[in-house]
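Subject: Structure handover and findings

Hello,

Here is the structure I promised to pass on. Please open it beside this message and read the two together.

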Amino acid sequence: MSSIEGAWLESFDFEGRNLGLRLLALAPINVVDLFLKLSKIPEAESVRFKSQQKTKIKEHELTRFILLIKLSPPLGAKQQ
């Protein structure tokens, strides 16, 4: 797992311009912080929550959540 702004990347899916991140966080505020930070980067056209649930791993309560990110078109792509 890799750490991303207070959350740990459990897995990801990537297809076309769609990126799905499955993450774990110790505190719910980390979920919100990561969502806001990703929403502000120019590479992300949109970011949304797909799901969120509480889970326990080795006696630690965690939040497992999925973010769906639609990436911005590459620079120089023709506008329709």
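Below is what was found in it, starting with the ground rules.

This is a predicted model, so local features need pLDDT of at least 70 and side-chain atom pairs count only at pLDDT 80 or more, while totals for chains, interfaces and linings use all residues. Residues are numbered from 1 along each chain as its sequence is written, and side-chain values use heavy atoms, with hydrogens and water left out.

Overall layout

The protein has one helix and five strands. Helices (H or I, at least four residues) and strands (E, at least two) are DSSP runs, numbered from the N terminus. Along the sequence the order is β-β-β-α-β-β. The C-alpha trace spans about 50 × 20 × 20 Å along its principal axes. Of the 80 residues, 28% count as buried. Buried means under 20% relative accessible area, exposed means over 50%, and partly exposed is in between (1.4 Å probe, protein chains only). Contact means heavy atoms within 4.5 Å. Among contacts with a separation of 6 or more, 49% join residues 24 or more positions apart.

Strand β3 and its partners

Strand β3 covers residues 18–25, and strand β2 covers residues 7–15. The two pair in the antiparallel sense over eight bridges. Strands count as paired if DSSP finds at least two bridges between them. Ala-7 stands opposite Ala-25 in β3. Glu-15 has Asn-18 as its bridge partner in β3. β2 and β3 form a hairpin, with two residues between them. Gly-16 sits in that turn and has a positive phi of about 60°.

β3 also pairs with β5, again antiparallel and over eight bridges. Here Gly-20 stands opposite Leu-68 in β5. Six of the eight residues of β3 are buried, so this strand is largely enclosed by the rest of the structure.

The largest pocket

How much space lies in the largest pocket? About 160 Å³. The search runs on a 1 Å grid over the protein atoms alone; a pocket is an open set of points where a 1.4 Å probe fits, with protein on both sides within 12 Å along at least five of seven lines. Lining residues have an atom within 4 Å of a point. Grid points are joined across faces, edges and corners, and the volume is the space filled by probe spheres set on the points.

The lining holds 13 residues, and the closest to the pocket centre are Asp-13, Gly-20, Leu-21, Ile-66 and Leu-68. β2, β3 and β5 (60–71) each supply at least two lining residues. By type, the lining divides into six nonpolar, three polar and four charged residues.

Aromatic rings

Rings of Phe, Tyr and Trp (its six-membered ring) pair if their centres lie within 6.5 Å; planes under 30 degrees apart count as stacked, over 60 as edge-to-face and the rest as tilted. The count comes to two aromatic pairs. The rings of Phe-35 and Phe-49 have centres 4.9 Å apart and planes at 15°, so they are stacked. Phe-35 lies in helix α1 (residues 28–40) and Phe-49 in strand β4 (residues 44–57), so the pair ties together parts that are 14 residues apart in sequence. Phe-49 is partly exposed, at 34% relative accessibility. Phe-35, Phe-49 and Phe-65 form one aromatic cluster.

Three more residues to look at

The contacts below leave out neighbours within four places in sequence.

- Ser-51 is found in strand β4. It is partly exposed, with a relative accessible area of 34%. Ser-51 is in contact with Arg-64, Phe-65 and Ile-66.
- Asn-30 lies in helix α1. Its relative accessibility is 18%, so it counts as buried. Asn-30 touches Glu-5, Gly-6 and Ala-25.
- Leu-71 lies in strand β5 and is partly exposed at 22% relative accessibility. Leu-71 is in contact with Phe-14, Arg-17, Glu-43, Ala-44 and Glu-45. From Leu-71 to Ala-25 is 23 Å, C-alpha to C-alpha, and 46 residues in sequence.

Best wishes

Terms used. Nonpolar A, V, L, I, M, F, W, Y, C, P; charged D, E, K, R; others polar.
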